[in-house]
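Open the model in your viewer and keep the selection panel at hand. The tour below goes stop by stop.

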Amino acid sequence: MTRCGALIVATTLAAACLACQPQQPPMDVYENMPKFQLIDQTGGSFSSQALAGRVTLLDFVYTHCTDACPIMSATFQEAQKKLADDKLLGSKIMLVSLSVDPTHDTPPVMAEYGEQFKADPAGWKMLTGDWDNVWDVVTGFKLATR
């Protein structure tokens, strides 16, 4: 058999194998992420539209929290390192930490908090904004507020 003939056979077999693979059903969509326009740790505007087409890991923090928030942020720091090593951070996967205390957590405060965890602003956004916008996002994710 010639190289060309072997290539045609290999290509035909590969196509046949792919055709026999069961189709994966589409994933269920339970809710859509709320749309938002907030401010990141650099002081720049950041929109939920910037997350389109990317997997997003999102947590809710406040910078003067002393119990769960530092643990979640340390976990994000570990995830950030692994995602950066795999060349996924920012391009395919985003980390987002949203302050639930926007009155205190201004962009400079969020930047300082992010520096504690070596947050790379290209792949880990520390978001804040005015209270009404933050409240809309929190309730849009259907979080318990009381």
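**Lys-118**

Start by selecting Lys-118. At 62% relative accessibility, Lys-118 counts as exposed; the cut-offs are over 50% for exposed, under 20% for buried and partly exposed in between, with a 1.4 Å probe and protein chains only. Lys-118 sits in the loop between α3 and β5. Its phi is near 55°, a positive value in a residue other than glycine. Most residues other than glycine have a negative phi.

**Ground rules**

This is a predicted model: local features need pLDDT of at least 70, side-chain atom pairs count only at pLDDT 80 or more, and totals for chains, interfaces and linings use all residues. Residues are numbered from 1 along each chain as its sequence is written, and side-chain values use heavy atoms, leaving out hydrogens and water.

**Whole chain**

Zoom out and colour by pLDDT, the predictor's confidence in each residue, from 0 to 100. The mean for the protein is 86, and 83% of its residues reach 70 or more. Now select residues 2-14. Here pLDDT stays under 50, and the model has 2 contacts beyond four places in sequence for this stretch. Contact means heavy atoms within 4.5 Å.

Switch to cartoon. The protein has 4 helices and 5 strands. These are DSSP runs numbered from the N terminus: H or I with at least four residues for helices, E with at least two for strands. Their order from the N terminus is α-β-β-β-α-β-α-β-α. Of the contacts with a separation of 6 or more, 70% join residues 24 or more positions apart. Buried residues make up 33% of the 146 residues.

**Helix α2**

Select 68-85, which is α2. Does its length match expectation, or depart from it, and what is the span? At 1.5 Å a residue, the 18 residues of α2 should span 26 Å, and the end C-alpha atoms are 26 Å apart, which agrees. The expected span is 1.5 Å times one less than the number of residues.

Show side chains. Cys-69, Ser-73, Phe-76, Gln-80 and Leu-83 are buried in α2. They cover an arc of only 80° around the axis, which puts them on the same side of α2. That arc is taken from the directions from the helix axis to the C-beta atoms. An α-helix has 3.6 residues a turn, so residues three or four places apart point the same way.

Turn to the other side of α2: Ile-71, Glu-78, Lys-81 and Lys-82 are exposed there.

Step past the helix to Lys-87, in the loop between α2 and β4. Lys-87 is not a glycine, yet has a positive phi of about 60°. Lys-87 is exposed, with a relative accessible area of 68%.

**The cores**

A nonpolar core is a set of buried Ala, Val, Leu, Ile, Met, Phe, Trp, Tyr and Cys residues joined through side-chain atoms within 4.5 Å. The largest has 14 residues; select Cys-69, Leu-83, Leu-95, Tyr-113, Trp-124 and Met-126, which touch the most other members. Two or more residues each come from α2, β4 (93-99), α3 (107-116) and β5 (124-127). The largest share, 3 residues, comes from α2.

Centre on Met-126. Leaving aside residues up to four places away in sequence, Met-126 touches Ile-39, Asp-40, Gln-41, Ser-97, Met-110, Tyr-113, Gly-114 and Ala-119. Then find a second, separate core of 12 residues, which includes Phe-46, Leu-51, Phe-60 and Val-134.

**Salt bridges**

How many salt bridges does the whole structure hold? A search finds 2. The criterion is a side-chain nitrogen of Lys or Arg within 4 Å of a carboxyl oxygen of Asp or Glu.

Select Lys-125 and Asp-40, paired at 3.2 Å, N to O. Lys-125 is in strand β5 and Asp-40 is in the loop between β1 (37-39) and β2 (45-47), 85 residues apart. Lys-125 is buried at 12% relative accessible area, and Asp-40 is buried at 4%.

Next, select Asp-85 and Lys-81, whose closest N and O atoms are 3.1 Å apart. Both lie in helix α2, 4 residues apart, about one turn of the helix. Lys-81 is exposed, at 53% relative accessibility.

**Last stop**

Select Pro-108, in helix α3. Pro-108 is exposed, with a relative accessible area of 57%.
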